[in-house]
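User: I would like to learn how to read backbone features and sheet layout from a structure. Could we work through one together?

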Amino acid sequence: MAGADDDAPQHRTAGEVGYPDSWEADVVLHDGSTTHVRPIRPSDADALQAFHVGQSERSTYMRFFAPLERLSERDLQRLVGVDHQDRAALLAVAGGPTGEDQIIAVARYDRIGTDEAEVAFNVADAHQGRGLGSMLLEHLAAAARERGVRRFVAEVLPQNGRMIAVFREAGFEIRQHTDDGVVTVTFDIDPTERSLEVMADREHRAEARSVRALLTARSVVVVGPGVDADPTGRDARAAHRVLAAVEAGDPQVGVHAVGVAGVGGVGGVGPVDAAGAAARGRGVLHDTLAEVPGPVDLAAVSVAAAHVPDVLRDLAPLGVRGVVLLSAGFAETGAEGLERQRALLRTAHGLGMRVVGPGSYGLMATGPDGPLNVSLAPTTPTPGRIGLFCQSAPMAVAMLDAVRTRGIGVSELVSAGNRADVSGNDLMQFWGEDERTDVVGLHLESIGNPRKFTRVARRLAAAKPVVVVAGRSGPVVPAGHAVRPTHAPRRTLDELLRQAGVIRVDDVHQLAGRRRAAGPPAAAGRSPGRAADQLSRLDCAGSAGRRRERARRVRHHGRARRGRPGRPGAAGRRRAVRRPRRRRRGRRARPHAR
(Lines give C-alpha, C1' and ligand atoms only; values in the text may rest on other atoms or scores of the structure.)
Protein backbone atom coordinates (compact mmCIF):
# COMPACT_ATOMS: atom_id res chain seq x y z
CA MET A 1 0.00 0.00 0.00
CA ALA A 2 1.44 3.30 -1.00
CA GLY A 3 -0.47 5.78 1.15
CA ALA A 4 0.66 5.86 4.76
CA ASP A 5 2.79 2.78 4.26
CA ASP A 6 5.17 4.41 1.81
CA ASP A 7 5.78 8.07 2.18
CA ALA A 8 2.83 10.18 3.36
CA PRO A 9 3.46 11.98 6.68
CA GLN A 10 0.80 11.21 9.25
CA HIS A 11 -1.86 13.56 10.54
CA ARG A 12 -1.45 15.05 14.02
CA THR A 13 -4.50 16.29 15.87
CA ALA A 14 -3.95 19.80 17.19
CA GLY A 15 -3.89 20.25 20.94
CA GLU A 16 -3.10 16.63 21.83
CA VAL A 17 0.28 16.70 23.59
CA GLY A 18 2.27 13.52 23.14
CA TYR A 19 -0.07 12.10 20.56
CA PRO A 20 2.04 9.50 18.65
CA ASP A 21 1.09 10.31 15.08
CA SER A 22 3.70 7.80 13.85
CA TRP A 23 1.38 5.04 15.07
CA GLU A 24 -1.23 5.96 12.49
CA ALA A 25 -1.39 3.74 9.42
CA ASP A 26 -3.63 2.71 6.55
CA VAL A 27 -3.89 -1.07 6.43
CA VAL A 28 -5.16 -3.61 3.90
CA LEU A 29 -7.19 -6.31 5.66
CA HIS A 30 -7.48 -10.03 4.99
CA ASP A 31 -10.48 -9.59 2.69
CA GLY A 32 -8.72 -6.95 0.56
CA SER A 33 -10.58 -3.97 2.04
CA THR A 34 -8.87 -1.19 3.96
CA THR A 35 -9.10 0.55 7.32
CA HIS A 36 -7.33 3.32 9.19
CA VAL A 37 -5.49 2.59 12.44
CA ARG A 38 -4.74 5.38 14.93
CA PRO A 39 -4.26 5.93 18.68
CA ILE A 40 -7.32 6.66 20.76
CA ARG A 41 -8.14 10.26 21.69
CA PRO A 42 -10.22 11.79 24.51
CA SER A 43 -12.65 13.00 21.85
CA ASP A 44 -13.45 9.37 20.98
CA ALA A 45 -15.61 8.87 24.10
CA ASP A 46 -18.95 9.04 22.25
CA ALA A 47 -17.72 6.83 19.41
CA LEU A 48 -16.42 4.26 21.92
CA GLN A 49 -19.75 4.21 23.74
CA ALA A 50 -21.56 3.68 20.44
CA PHE A 51 -19.16 0.84 19.60
CA HIS A 52 -19.78 -0.80 22.97
CA VAL A 53 -23.58 -0.50 22.76
CA GLY A 54 -23.54 -2.04 19.29
CA GLN A 55 -21.77 -5.18 20.46
CA SER A 56 -23.65 -8.39 21.15
CA GLU A 57 -24.07 -9.61 24.70
CA ARG A 58 -21.64 -12.48 24.03
CA SER A 59 -18.91 -10.19 22.67
CA THR A 60 -19.27 -7.87 25.67
CA TYR A 61 -19.01 -10.82 28.06
CA MET A 62 -15.89 -12.12 26.29
CA ARG A 63 -14.24 -8.71 26.67
CA PHE A 64 -15.26 -7.70 30.22
CA PHE A 65 -16.11 -11.13 31.72
CA ALA A 66 -19.51 -9.71 32.73
CA PRO A 67 -22.67 -8.36 31.05
CA LEU A 68 -22.35 -4.62 30.61
CA GLU A 69 -25.01 -2.77 28.64
CA ARG A 70 -23.28 0.61 28.75
CA LEU A 71 -19.94 1.92 29.89
CA SER A 72 -20.12 4.11 32.97
CA GLU A 73 -18.75 7.62 32.71
CA ARG A 74 -15.86 6.61 34.93
CA ASP A 75 -15.01 3.58 32.78
CA LEU A 76 -15.36 5.61 29.61
CA GLN A 77 -12.94 8.29 30.76
CA ARG A 78 -10.49 5.65 31.94
CA LEU A 79 -10.57 3.89 28.54
CA VAL A 80 -10.04 7.03 26.44
CA GLY A 81 -7.70 8.76 28.89
CA VAL A 82 -4.33 7.18 28.02
CA ASP A 83 -0.81 8.55 28.19
CA HIS A 84 0.54 6.59 25.17
CA GLN A 85 3.35 5.41 27.41
CA ASP A 86 2.19 3.09 30.19
CA ARG A 87 -1.37 2.96 28.88
CA ALA A 88 -2.12 3.00 25.16
CA ALA A 89 -4.93 2.02 22.83
CA LEU A 90 -5.26 1.70 19.08
CA LEU A 91 -8.49 2.00 17.10
CA ALA A 92 -9.44 0.63 13.71
CA VAL A 93 -11.91 3.11 12.28
CA ALA A 94 -14.24 3.26 9.31
CA GLY A 95 -15.63 6.39 7.75
CA GLY A 96 -19.18 7.33 8.58
CA PRO A 97 -21.75 8.79 6.15
CA THR A 98 -20.88 12.35 7.17
CA GLY A 99 -17.15 11.83 7.51
CA GLU A 100 -16.97 10.97 11.22
CA ASP A 101 -14.91 8.00 12.46
CA GLN A 102 -16.79 4.85 13.42
CA ILE A 103 -14.84 2.45 15.63
CA ILE A 104 -14.80 -1.14 14.39
CA ALA A 105 -12.07 -2.58 16.65
CA VAL A 106 -10.05 -1.64 19.76
CA ALA A 107 -6.72 -2.93 21.07
CA ARG A 108 -5.04 -1.67 24.24
CA TYR A 109 -2.23 -2.38 26.65
CA ASP A 110 -1.72 -1.41 30.30
CA ARG A 111 1.76 -1.74 31.78
CA ILE A 112 1.80 -4.05 34.81
CA GLY A 113 5.58 -4.32 35.24
CA THR A 114 8.84 -2.84 34.08
CA ASP A 115 8.67 -4.54 30.68
CA GLU A 116 5.32 -6.34 30.87
CA ALA A 117 1.85 -5.18 29.87
CA GLU A 118 -1.64 -6.67 29.89
CA VAL A 119 -3.48 -6.53 26.56
CA ALA A 120 -7.13 -6.70 25.52
CA PHE A 121 -8.89 -6.71 22.14
CA ASN A 122 -12.45 -6.11 21.01
CA VAL A 123 -13.67 -6.42 17.40
CA ALA A 124 -17.15 -5.40 16.23
CA ASP A 125 -19.42 -8.35 15.50
CA ALA A 126 -20.05 -7.22 11.92
CA HIS A 127 -16.31 -7.03 11.17
CA GLN A 128 -15.06 -10.26 12.69
CA GLY A 129 -13.22 -12.59 10.32
CA ARG A 130 -11.52 -9.76 8.38
CA GLY A 131 -8.16 -10.08 10.16
CA LEU A 132 -8.60 -7.04 12.42
CA GLY A 133 -7.40 -8.85 15.55
CA SER A 134 -4.16 -10.09 13.96
CA MET A 135 -3.47 -6.72 12.37
CA LEU A 136 -4.05 -4.80 15.63
CA LEU A 137 -1.80 -7.22 17.54
CA GLU A 138 1.06 -6.46 15.12
CA HIS A 139 0.62 -2.70 15.45
CA LEU A 140 0.11 -2.78 19.22
CA ALA A 141 3.25 -4.89 19.69
CA ALA A 142 5.29 -2.45 17.58
CA ALA A 143 3.98 0.51 19.60
CA ALA A 144 4.68 -1.24 22.91
CA ARG A 145 8.25 -2.07 21.91
CA GLU A 146 8.84 1.65 21.33
CA ARG A 147 7.81 2.21 24.98
CA GLY A 148 10.09 -0.46 26.41
CA VAL A 149 7.51 -3.25 26.77
CA ARG A 150 8.87 -6.69 25.92
CA ARG A 151 6.12 -9.06 27.06
CA PHE A 152 2.34 -9.24 26.68
CA VAL A 153 -0.06 -10.96 29.08
CA ALA A 154 -3.69 -11.62 28.21
CA GLU A 155 -6.52 -13.20 30.19
CA VAL A 156 -9.01 -14.98 27.95
CA LEU A 157 -12.08 -17.07 28.63
CA PRO A 158 -11.67 -20.65 27.40
CA GLN A 159 -14.65 -20.33 25.07
CA ASN A 160 -13.05 -17.36 23.28
CA GLY A 161 -11.26 -19.61 20.81
CA ARG A 162 -10.88 -16.91 18.17
CA MET A 163 -8.76 -14.69 20.38
CA ILE A 164 -6.59 -17.56 21.54
CA ALA A 165 -6.05 -18.51 17.88
CA VAL A 166 -4.96 -14.94 17.08
CA PHE A 167 -2.22 -15.14 19.71
CA ARG A 168 -1.20 -18.63 18.65
CA GLU A 169 -1.00 -17.83 14.92
CA ALA A 170 0.94 -14.56 15.34
CA GLY A 171 4.27 -16.39 15.27
CA PHE A 172 5.31 -15.58 18.86
CA GLU A 173 6.36 -18.19 21.44
CA ILE A 174 3.12 -18.66 23.40
CA ARG A 175 2.94 -19.85 26.99
CA GLN A 176 -0.46 -20.42 28.57
CA HIS A 177 -2.04 -21.89 31.69
CA THR A 178 -5.58 -22.08 33.07
CA ASP A 179 -6.52 -20.88 36.56
CA ASP A 180 -10.03 -20.38 38.00
CA GLY A 181 -11.61 -20.83 34.57
CA VAL A 182 -9.46 -18.18 32.87
CA VAL A 183 -6.72 -18.87 30.34
CA THR A 184 -3.62 -16.71 30.87
CA VAL A 185 -1.53 -16.28 27.73
CA THR A 186 2.02 -14.88 27.93
CA PHE A 187 4.45 -14.21 25.09
CA ASP A 188 7.47 -12.07 24.28
CA ILE A 189 6.78 -9.49 21.59
CA ASP A 190 10.30 -9.14 20.21
CA PRO A 191 10.12 -10.13 16.54
CA THR A 192 11.02 -13.72 15.76
CA GLU A 193 11.76 -15.28 12.41
CA ARG A 194 8.36 -16.92 12.51
CA SER A 195 6.47 -13.73 13.45
CA LEU A 196 8.17 -11.78 10.64
CA GLU A 197 7.17 -14.49 8.17
CA VAL A 198 3.58 -14.36 9.42
CA MET A 199 3.42 -10.57 9.03
CA ALA A 200 4.95 -10.65 5.54
CA ASP A 201 2.58 -13.43 4.46
CA ARG A 202 -0.47 -11.62 5.84
CA GLU A 203 0.55 -8.45 4.01
CA HIS A 204 1.20 -10.37 0.80
CA ARG A 205 -2.16 -12.15 0.77
CA ALA A 206 -4.13 -9.04 1.74
CA GLU A 207 -2.57 -6.78 -0.90
CA ALA A 208 -2.78 -9.45 -3.60
CA ARG A 209 -6.46 -9.98 -2.84
CA SER A 210 -7.19 -6.24 -2.96
CA VAL A 211 -5.57 -5.90 -6.41
CA ARG A 212 -7.35 -9.01 -7.67
CA ALA A 213 -10.67 -7.41 -6.70
CA LEU A 214 -9.79 -4.41 -8.91
CA LEU A 215 -8.76 -6.45 -11.94
CA THR A 216 -11.66 -8.91 -11.81
CA ALA A 217 -14.49 -6.40 -11.30
CA ARG A 218 -17.80 -7.52 -12.81
CA SER A 219 -19.67 -4.25 -12.35
CA VAL A 220 -18.43 -0.70 -12.92
CA VAL A 221 -19.88 2.74 -12.30
CA VAL A 222 -18.45 5.77 -14.09
CA VAL A 223 -18.89 9.10 -12.28
CA GLY A 224 -18.45 12.31 -14.23
CA PRO A 225 -18.68 16.01 -13.36
CA GLY A 226 -22.38 16.23 -14.32
CA VAL A 227 -24.49 16.17 -17.45
CA ASP A 228 -24.55 19.96 -17.44
CA ALA A 229 -20.77 20.28 -17.29
CA ASP A 230 -18.77 21.59 -20.22
CA PRO A 231 -18.48 18.52 -22.50
CA THR A 232 -15.08 19.71 -23.72
CA GLY A 233 -13.64 19.94 -20.20
CA ARG A 234 -10.96 17.53 -19.06
CA ASP A 235 -13.10 15.67 -16.51
CA ALA A 236 -16.08 15.34 -18.84
CA ARG A 237 -13.97 14.05 -21.71
CA ALA A 238 -12.19 11.54 -19.48
CA ALA A 239 -15.46 10.22 -18.02
CA HIS A 240 -16.93 9.78 -21.49
CA ARG A 241 -13.87 7.97 -22.83
CA VAL A 242 -13.78 5.56 -19.89
CA LEU A 243 -17.50 4.84 -20.24
CA ALA A 244 -17.04 4.06 -23.93
CA ALA A 245 -14.07 1.79 -23.13
CA VAL A 246 -15.98 -0.16 -20.46
CA GLU A 247 -18.95 -0.60 -22.77
CA ALA A 248 -16.69 -1.91 -25.53
CA GLY A 249 -15.29 -4.58 -23.21
CA ASP A 250 -16.80 -7.73 -21.77
CA PRO A 251 -20.59 -7.64 -22.26
CA GLN A 252 -21.01 -9.53 -18.97
CA VAL A 253 -19.66 -6.55 -16.98
CA GLY A 254 -22.44 -4.37 -15.63
CA VAL A 255 -22.04 -0.70 -16.51
CA HIS A 256 -23.59 2.34 -14.83
CA ALA A 257 -22.97 6.04 -15.37
CA VAL A 258 -23.70 9.11 -13.25
CA GLY A 259 -23.03 12.67 -14.34
CA VAL A 260 -21.35 11.77 -17.66
CA ALA A 261 -21.71 14.62 -20.12
CA GLY A 262 -22.02 13.68 -23.80
CA VAL A 263 -18.93 14.22 -25.98
CA GLY A 264 -19.58 13.26 -29.57
CA GLY A 265 -17.00 11.67 -31.78
CA VAL A 266 -15.04 9.76 -29.13
CA GLY A 267 -14.55 6.23 -30.37
CA GLY A 268 -17.48 6.61 -32.72
CA VAL A 269 -19.92 6.95 -29.80
CA GLY A 270 -22.31 9.86 -29.66
CA PRO A 271 -23.64 11.71 -26.61
CA VAL A 272 -24.28 9.43 -23.66
CA ASP A 273 -27.86 9.08 -22.53
CA ALA A 274 -30.10 6.37 -21.14
CA ALA A 275 -31.81 5.69 -24.45
CA GLY A 276 -28.53 5.33 -26.31
CA ALA A 277 -27.12 3.02 -23.67
CA ALA A 278 -30.24 0.88 -23.79
CA ALA A 279 -29.99 0.68 -27.55
CA ARG A 280 -26.42 -0.61 -27.24
CA GLY A 281 -27.57 -3.06 -24.55
CA ARG A 282 -25.05 -1.77 -22.04
CA GLY A 283 -24.87 0.74 -19.20
CA VAL A 284 -27.60 3.02 -17.92
CA LEU A 285 -27.23 6.68 -17.04
CA HIS A 286 -28.55 7.56 -13.57
CA ASP A 287 -29.27 10.96 -12.09
CA THR A 288 -27.57 10.22 -8.75
CA LEU A 289 -25.49 7.47 -7.22
CA ALA A 290 -28.37 6.66 -4.89
CA GLU A 291 -30.27 5.32 -7.93
CA VAL A 292 -27.52 2.87 -8.93
CA PRO A 293 -28.42 -0.70 -7.97
CA GLY A 294 -25.71 -2.34 -5.90
CA PRO A 295 -23.45 -4.01 -5.34
CA VAL A 296 -20.83 -2.39 -7.57
CA ASP A 297 -17.22 -3.62 -7.59
CA LEU A 298 -15.29 -0.74 -9.14
CA ALA A 299 -15.78 2.97 -9.77
CA ALA A 300 -14.08 5.28 -12.26
CA VAL A 301 -14.23 8.87 -11.01
CA SER A 302 -13.48 11.99 -13.04
CA VAL A 303 -14.71 15.04 -11.13
CA ALA A 304 -13.15 18.17 -9.67
CA ALA A 305 -10.61 17.36 -6.95
CA ALA A 306 -12.60 19.16 -4.24
CA HIS A 307 -15.65 16.94 -4.90
CA VAL A 308 -13.89 13.57 -4.78
CA PRO A 309 -14.35 12.86 -1.01
CA ASP A 310 -18.11 13.45 -1.28
CA VAL A 311 -18.29 11.11 -4.28
CA LEU A 312 -16.46 8.40 -2.33
CA ARG A 313 -18.93 8.66 0.56
CA ASP A 314 -21.81 8.31 -1.91
CA LEU A 315 -20.13 5.24 -3.42
CA ALA A 316 -19.73 3.48 -0.06
CA PRO A 317 -23.37 2.23 0.20
CA LEU A 318 -22.90 0.48 -3.16
CA GLY A 319 -20.13 -1.70 -1.72
CA VAL A 320 -17.44 -0.27 -4.00
CA ARG A 321 -14.04 -1.76 -3.14
CA GLY A 322 -11.82 0.18 -5.55
CA VAL A 323 -11.70 3.56 -7.31
CA VAL A 324 -9.84 4.47 -10.49
CA LEU A 325 -9.29 8.18 -9.96
CA LEU A 326 -8.70 10.03 -13.23
CA SER A 327 -9.00 13.49 -11.69
CA ALA A 328 -6.08 15.90 -11.41
CA GLY A 329 -5.50 18.72 -8.92
CA PHE A 330 -3.79 16.81 -6.11
CA ALA A 331 -0.14 16.45 -5.10
CA GLU A 332 1.12 17.58 -8.50
CA THR A 333 -0.21 21.09 -7.79
CA GLY A 334 1.85 21.76 -4.65
CA ALA A 335 1.48 21.68 -0.87
CA GLU A 336 -2.26 22.40 -0.87
CA GLY A 337 -2.89 19.65 -3.38
CA LEU A 338 -0.74 17.23 -1.36
CA GLU A 339 -2.85 17.82 1.74
CA ARG A 340 -5.97 17.33 -0.40
CA GLN A 341 -4.55 14.01 -1.56
CA ARG A 342 -3.86 12.86 2.00
CA ALA A 343 -7.39 13.78 3.07
CA LEU A 344 -8.70 11.81 0.09
CA LEU A 345 -6.78 8.72 1.22
CA ARG A 346 -8.05 9.01 4.78
CA THR A 347 -11.59 9.08 3.44
CA ALA A 348 -11.09 6.21 0.99
CA HIS A 349 -9.35 3.90 3.44
CA GLY A 350 -11.88 4.62 6.14
CA LEU A 351 -14.56 3.51 3.67
CA GLY A 352 -12.65 0.33 2.83
CA MET A 353 -11.66 1.42 -0.69
CA ARG A 354 -8.38 1.27 -2.59
CA VAL A 355 -7.46 4.10 -4.94
CA VAL A 356 -5.67 3.84 -8.29
CA GLY A 357 -4.43 7.38 -8.89
CA PRO A 358 -4.99 10.29 -8.77
CA GLY A 359 -4.09 11.18 -12.34
CA SER A 360 -4.38 7.55 -13.43
CA TYR A 361 -4.72 6.48 -17.07
CA GLY A 362 -6.73 3.52 -15.82
CA LEU A 363 -6.41 -0.24 -15.65
CA MET A 364 -7.15 -3.13 -17.97
CA ALA A 365 -7.09 -6.90 -17.80
CA THR A 366 -7.45 -9.52 -20.53
CA GLY A 367 -8.96 -12.24 -18.36
CA PRO A 368 -10.37 -15.55 -19.59
CA ASP A 369 -13.93 -14.35 -18.98
CA GLY A 370 -13.50 -11.31 -21.22
CA PRO A 371 -11.57 -8.05 -21.28
CA LEU A 372 -11.97 -5.39 -18.58
CA ASN A 373 -11.01 -1.92 -19.78
CA VAL A 374 -11.49 0.87 -17.25
CA SER A 375 -9.11 3.33 -18.86
CA LEU A 376 -8.82 6.14 -21.36
CA ALA A 377 -7.72 3.66 -24.05
CA PRO A 378 -10.51 2.76 -26.51
CA THR A 379 -9.47 -0.90 -26.78
CA THR A 380 -7.54 -3.50 -24.82
CA PRO A 381 -4.30 -5.07 -26.05
CA THR A 382 -3.98 -8.64 -27.26
CA PRO A 383 -4.26 -11.19 -24.43
CA GLY A 384 -0.86 -12.46 -23.31
CA ARG A 385 1.30 -13.36 -20.34
CA ILE A 386 3.16 -10.10 -19.59
CA GLY A 387 1.99 -7.85 -16.75
CA LEU A 388 2.82 -4.16 -17.05
CA PHE A 389 2.83 -1.37 -14.47
CA CYS A 390 3.60 2.30 -14.91
CA GLN A 391 2.90 5.49 -13.05
CA SER A 392 2.30 8.37 -15.44
CA ALA A 393 -0.44 8.40 -18.07
CA PRO A 394 1.95 9.29 -20.94
CA MET A 395 3.98 6.16 -20.23
CA ALA A 396 0.80 4.08 -20.29
CA VAL A 397 0.09 5.45 -23.76
CA ALA A 398 3.63 4.61 -24.87
CA MET A 399 3.38 1.08 -23.51
CA LEU A 400 0.06 0.42 -25.22
CA ASP A 401 1.33 1.75 -28.54
CA ALA A 402 4.41 -0.45 -28.26
CA VAL A 403 2.56 -3.67 -27.49
CA ARG A 404 0.06 -3.09 -30.28
CA THR A 405 2.76 -2.28 -32.83
CA ARG A 406 4.81 -5.36 -31.97
CA GLY A 407 1.94 -7.74 -31.33
CA ILE A 408 2.92 -8.46 -27.73
CA GLY A 409 0.25 -9.99 -25.49
CA VAL A 410 -0.56 -8.46 -22.10
CA SER A 411 -2.30 -9.97 -19.09
CA GLU A 412 -2.81 -6.74 -17.11
CA LEU A 413 -1.77 -3.11 -17.32
CA VAL A 414 -2.17 -0.61 -14.47
CA SER A 415 -1.31 3.09 -14.47
CA ALA A 416 -1.01 4.36 -10.88
CA GLY A 417 -0.70 8.09 -11.66
CA ASN A 418 0.49 9.75 -8.44
CA ARG A 419 0.48 6.23 -6.86
CA ALA A 420 -1.01 7.72 -3.71
CA ASP A 421 -2.36 4.28 -2.73
CA VAL A 422 -1.99 1.38 -5.17
CA SER A 423 1.68 1.12 -6.15
CA GLY A 424 4.03 -1.21 -7.95
CA ASN A 425 4.50 -3.13 -4.70
CA ASP A 426 0.81 -4.04 -4.65
CA LEU A 427 0.90 -5.21 -8.26
CA MET A 428 3.97 -7.35 -7.59
CA GLN A 429 2.17 -8.95 -4.66
CA PHE A 430 -0.69 -9.83 -7.00
CA TRP A 431 1.52 -11.06 -9.84
CA GLY A 432 3.26 -13.39 -7.41
CA GLU A 433 0.00 -15.39 -7.28
CA ASP A 434 -1.29 -14.73 -10.81
CA GLU A 435 -0.86 -17.86 -12.93
CA ARG A 436 -1.69 -15.92 -16.10
CA THR A 437 1.42 -13.73 -15.84
CA ASP A 438 4.87 -15.11 -16.63
CA VAL A 439 6.92 -11.89 -16.91
CA VAL A 440 6.51 -8.59 -15.06
CA GLY A 441 7.52 -5.23 -16.51
CA LEU A 442 7.69 -2.11 -14.32
CA HIS A 443 8.34 1.47 -15.35
CA LEU A 444 9.19 3.37 -12.16
CA GLU A 445 9.59 7.13 -12.00
CA SER A 446 10.03 7.02 -8.21
CA ILE A 447 10.08 4.44 -5.40
CA GLY A 448 8.20 5.48 -2.28
CA ASN A 449 9.21 2.62 0.03
CA PRO A 450 12.58 1.22 -1.09
CA ARG A 451 12.82 -1.33 1.72
CA LYS A 452 9.45 -2.87 0.92
CA PHE A 453 10.14 -2.71 -2.82
CA THR A 454 13.34 -4.71 -2.35
CA ARG A 455 11.61 -7.32 -0.22
CA VAL A 456 8.59 -7.75 -2.50
CA ALA A 457 10.59 -7.67 -5.74
CA ARG A 458 13.08 -10.24 -4.43
CA ARG A 459 10.23 -12.58 -3.56
CA LEU A 460 8.62 -12.19 -6.99
CA ALA A 461 11.90 -12.38 -8.91
CA ALA A 462 12.55 -15.79 -7.35
CA ALA A 463 9.55 -17.11 -9.32
CA LYS A 464 9.23 -14.85 -12.38
CA PRO A 465 11.44 -12.47 -14.34
CA VAL A 466 10.96 -8.87 -13.18
CA VAL A 467 12.18 -6.27 -15.69
CA VAL A 468 12.48 -2.73 -14.33
CA VAL A 469 12.90 0.47 -16.33
CA ALA A 470 13.94 3.02 -13.72
CA GLY A 471 13.56 6.72 -14.43
CA ARG A 472 16.67 8.87 -14.81
CA SER A 473 15.31 12.01 -13.22
CA GLY A 474 18.04 11.96 -10.55
CA PRO A 475 17.17 14.27 -7.64
CA VAL A 476 14.16 15.69 -9.51
CA VAL A 477 10.92 14.25 -8.09
CA PRO A 478 8.16 13.65 -10.67
CA ALA A 479 5.13 15.89 -10.24
CA GLY A 480 2.58 14.39 -7.88
CA HIS A 481 4.96 11.87 -6.27
CA ALA A 482 5.21 12.56 -2.55
CA VAL A 483 8.52 10.89 -1.71
CA ARG A 484 10.98 11.40 1.10
CA PRO A 485 13.84 13.77 0.21
CA THR A 486 17.20 12.08 -0.25
CA HIS A 487 20.75 13.03 -1.08
CA ALA A 488 21.74 9.48 -1.96
CA PRO A 489 23.88 9.20 -5.09
CA ARG A 490 22.57 7.73 -8.30
CA ARG A 491 24.41 4.46 -7.74
CA THR A 492 22.17 3.83 -4.70
CA LEU A 493 19.27 3.03 -7.02
CA ASP A 494 21.46 0.68 -9.03
CA GLU A 495 22.45 -1.17 -5.86
CA LEU A 496 18.85 -1.33 -4.64
CA LEU A 497 17.70 -2.93 -7.90
CA ARG A 498 20.62 -5.33 -7.83
CA GLN A 499 19.73 -6.46 -4.32
CA ALA A 500 16.10 -6.89 -5.37
CA GLY A 501 17.17 -9.42 -7.99
CA VAL A 502 15.40 -7.67 -10.88
CA ILE A 503 16.63 -7.14 -14.42
CA ARG A 504 17.64 -3.49 -14.66
CA VAL A 505 17.00 -1.95 -18.08
CA ASP A 506 18.13 1.44 -19.30
CA ASP A 507 17.41 0.86 -22.97
CA VAL A 508 16.36 -1.84 -25.37
CA HIS A 509 19.92 -2.86 -26.27
CA GLN A 510 20.87 -3.73 -22.71
CA LEU A 511 17.71 -5.74 -22.23
CA ALA A 512 18.22 -7.63 -25.49
CA GLY A 513 21.76 -8.52 -24.40
CA ARG A 514 20.57 -9.86 -21.03
CA ARG A 515 17.31 -11.54 -21.99
CA ARG A 516 18.76 -15.03 -21.59
CA ALA A 517 19.33 -14.31 -17.91
CA ALA A 518 15.66 -13.51 -17.44
CA GLY A 519 15.12 -15.91 -14.57
CA PRO A 520 14.02 -19.40 -13.59
CA PRO A 521 12.00 -21.55 -15.99
CA ALA A 522 8.29 -20.93 -16.16
CA ALA A 523 5.58 -23.50 -16.67
CA ALA A 524 6.12 -26.15 -19.29
CA GLY A 525 5.80 -24.90 -22.82
CA ARG A 526 6.58 -21.25 -22.03
CA SER A 527 9.96 -19.59 -22.02
CA PRO A 528 10.50 -16.60 -19.71
CA GLY A 529 13.55 -15.72 -21.78
CA ARG A 530 11.38 -15.44 -24.88
CA ALA A 531 8.79 -13.40 -22.99
CA ALA A 532 11.49 -11.10 -21.70
CA ASP A 533 12.81 -10.82 -25.26
CA GLN A 534 9.33 -9.70 -26.32
CA LEU A 535 9.28 -7.21 -23.46
CA SER A 536 12.60 -5.84 -24.63
CA ARG A 537 11.00 -4.75 -27.87
CA LEU A 538 8.81 -2.32 -25.94
CA ASP A 539 11.82 -0.03 -25.57
CA CYS A 540 10.08 1.60 -22.62
CA ALA A 541 13.15 3.72 -22.06
CA GLY A 542 13.06 5.26 -25.53
CA SER A 543 12.87 8.81 -24.26
CA ALA A 544 13.51 12.04 -26.10
CA GLY A 545 16.89 12.35 -24.39
CA ARG A 546 18.19 9.12 -25.92
CA ARG A 547 16.79 10.06 -29.32
CA ARG A 548 18.75 13.30 -29.14
CA GLU A 549 21.88 11.40 -28.15
CA ARG A 550 21.39 8.99 -31.06
CA ALA A 551 21.01 11.90 -33.46
CA ARG A 552 24.21 13.47 -32.11
CA ARG A 553 26.12 10.27 -32.76
CA VAL A 554 24.82 10.09 -36.30
CA ARG A 555 25.94 13.67 -36.95
CA HIS A 556 29.46 12.95 -35.68
CA HIS A 557 29.99 9.46 -37.05
CA GLY A 558 27.61 9.18 -39.96
CA ARG A 559 24.73 6.70 -40.23
CA ALA A 560 25.82 3.18 -39.51
CA ARG A 561 25.51 0.59 -42.22
CA ARG A 562 25.73 -2.35 -39.85
CA GLY A 563 26.13 -2.87 -36.12
CA ARG A 564 24.65 -0.70 -33.38
CA PRO A 565 22.69 2.46 -34.30
CA GLY A 566 24.69 5.68 -34.31
CA ARG A 567 28.06 3.98 -34.57
CA PRO A 568 30.23 2.86 -37.48
CA GLY A 569 29.18 -0.50 -38.84
CA ALA A 570 31.16 -3.65 -38.30
CA ALA A 571 32.83 -3.37 -41.69
CA GLY A 572 33.79 0.24 -41.02
CA ARG A 573 35.35 -0.74 -37.70
CA ARG A 574 37.42 -3.44 -39.40
CA ARG A 575 38.68 -0.96 -41.95
CA ALA A 576 39.44 1.56 -39.22
CA VAL A 577 41.74 -0.82 -37.38
CA ARG A 578 43.49 -2.22 -40.45
CA ARG A 579 47.17 -1.26 -40.51
CA PRO A 580 49.80 -1.75 -43.27
CA ARG A 581 52.29 -4.46 -42.46
CA ARG A 582 55.64 -3.16 -41.36
CA ARG A 583 58.64 -4.37 -43.31
CA ARG A 584 61.17 -6.25 -41.26
CA ARG A 585 64.48 -4.55 -40.92
CA GLY A 586 67.41 -6.14 -42.71
CA ARG A 587 67.45 -8.63 -45.50
CA ARG A 588 66.39 -12.17 -45.10
CA ALA A 589 69.40 -14.49 -45.35
CA ARG A 590 69.42 -16.43 -48.55
CA PRO A 591 70.57 -20.04 -48.69
CA HIS A 592 73.99 -20.59 -50.26
CA ALA A 593 73.94 -21.83 -53.79
CA ARG A 594 75.21 -25.30 -54.29
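**Reading the backbone and the sheet**

Analyst: Arg419 is buried, with a relative accessible area of 3%. Please keep in mind that this is a predicted model.

User: What is the phi of Arg419, and where is the place of this residue?

Analyst: Most residues other than glycine have a negative phi, and most peptide bonds are trans. Arg419 has a phi near 45°, a positive value in a residue other than glycine, and it sits in the loop between strand E18 (410-415) and helix H13 (424-431). His84 likewise has a positive phi, near 60°, in the loop between helix H4 (73-80) and E3; His84 is called buried because its relative accessible area is 8%, under the 20% cut-off.

User: In what order do the eight strands of the open sheet run?

Analyst: Strands of a sheet pair through backbone hydrogen bonds, either parallel or antiparallel. Here the order is E1-E2-E3-E4-E5-E6-E8-E7, with mixed pairing; the edge strands, E1 (25-28) and E7 (174-179), each pair on one side only, and the twist averages 25° from one strand to the next. E7 and strand E8 (residues 182-188) pair in the antiparallel sense over six bridges, and Arg175 has Thr186 in E8 as its bridge partner.

Terms used:
Residues are numbered from 1 along each chain as its sequence is written. This is a predicted model: local features need pLDDT of at least 70, side-chain atom pairs count only at pLDDT 80 or more; totals for chains, interfaces and linings use all residues. Side-chain values use heavy atoms; hydrogens and water are left out. Two strands pair if DSSP finds at least two bridges between them. Helices (H or I, at least four residues) and strands (E, at least two) are DSSP runs, numbered from the N terminus. Axes are lines fitted to C-alpha atoms, for helices over the stretch in contact, and angles run from 0 to 180 degrees between N-to-C directions. Buried means under 20% relative accessible area, exposed over 50%, partly exposed in between (1.4 Å probe, protein chains only).
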